[in-house]
Amino acid sequence: MIELWELGGKGERRYSLFSWRTRMALAHKGLEFESHAVRMSDKGAIAFSGGKTVPVIKDEGVVVRDSWAIAEHLEDRYADRPALFGGAVGRGLTRTFNTWVDRAVVPAMMPVIVADIFERIDAADQQYFRAMFEGFLKCTLEEARGRSGDARGRLQRVLEPMQAVLKRQPYVSGEAPAYGDYILFSVLQWARIASPQELFDKSDPLFLWRERILDLYDGFARNVAIA
């Protein structure tokens, strides 16, 4: 069985957005896995990987870290199972989308939910988390919460192109879900697990799309501990 190392928070939460990309890729491929929860500040738990961040998988002795590298590994090693990318062109376009989400959507989401995440992580991680994210944001977590209204407005503007796309097709990837969907979904699942805020109206295309993703694979992503 594949082993997955990912961040664990209070109440059995698995709150790493990048680990959710791997979780959904494993579910898409129909691959079972065993989860190992680690603290954000405990770099020793994943030292065997040669890196300092999750996700990390071990697949029959092969260690792979980084969500994109893991997706490529799963696609190549399990080519007989449902495709994540849909061929070489699809892989290239998905990598492009991955970069846009990481550089536009993730930074836009972070100040909206960062104070909520802090309240739901392992207590042993709180000092580490505060130092890291206050450094990123150049303000305290409390100040970030006070500015969350403006941050939500910026987030909605960043996501508007995806609202438009999802009016015209059921999934980011077209008529069926693929890894591009899981990249964007990971950011929304991050918010769903770590924050009580509802970021979308129930009539929004992004809300309806998220509901479709949550229902995939017998509710795999829905039936987890949330905020």
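Does Leu 74 count as buried or exposed, and at what relative accessibility? In this predicted model, Leu 74 has 0% relative accessibility and therefore counts as buried. The residue belongs to helix α2, which covers residues 67–77, and, leaving aside residues up to four places away in sequence, Leu 74 touches Ile 2, Ala 25, Leu 26, Lys 29, Leu 31, Ile 57 and Leu 84. Between Leu 74 and Arg 210 there are 23 Å in space, C-alpha to C-alpha, with the two residues 136 apart in sequence.

Arg 210 is itself among the buried residues of helix α8, a group that also includes Pro 205, Phe 207, Trp 209 and Ile 213. The buried residues of α8 pack against α1, α6 and α7. Helix α8, with 15 residues, reaches 19 Å from its first C-alpha to its last, close to the 21 Å expected.

Helix α6 also packs with helix α3, at an angle of about 155 degrees and with the axes 7 Å apart. Because of that angle, α3 is roughly antiparallel to α6, and α3 passes α6 in a left-handed crossing. On the α3 side the contact includes Phe 97, Trp 100 and Met 109, which together with other residues of that helix meet a set in α6 including Arg 152, Leu 155 and Met 162. By class, this contact has 13 nonpolar, 1 polar and 1 charged residues.

| Helix | Residues |
|---|---|
| α2 | residues 67–77 |
| α3 | residues 88–118 |
| α6 | residues 148–168 |
| α8 | residues 205–219 |

How values were computed
Residues numbered from 1 in each chain as written. Predicted model: local features only at pLDDT ≥ 70, side-chain atom pairs only at ≥ 80, totals over all residues. Heavy atoms only, no water. Axes fitted to C-alpha atoms, helices over the stretch in contact; angles between N-to-C directions. Helix = DSSP H or I, 4+ residues; strand = E, 2+ residues; numbered from the N terminus. Parallel < 35°, antiparallel > 145°, perpendicular 65-115°, else oblique. Left-handed = near helix turned anticlockwise from the far one by under 90°. Contact = heavy atoms within 4.5 Å. Nonpolar A, V, L, I, M, F, W, Y, C, P; charged D, E, K, R; others polar. Buried < 20%, exposed > 50% of the residue type's maximum accessible area, 1.4 Å probe, protein only. Expected span 1.5 Å × (residues − 1).
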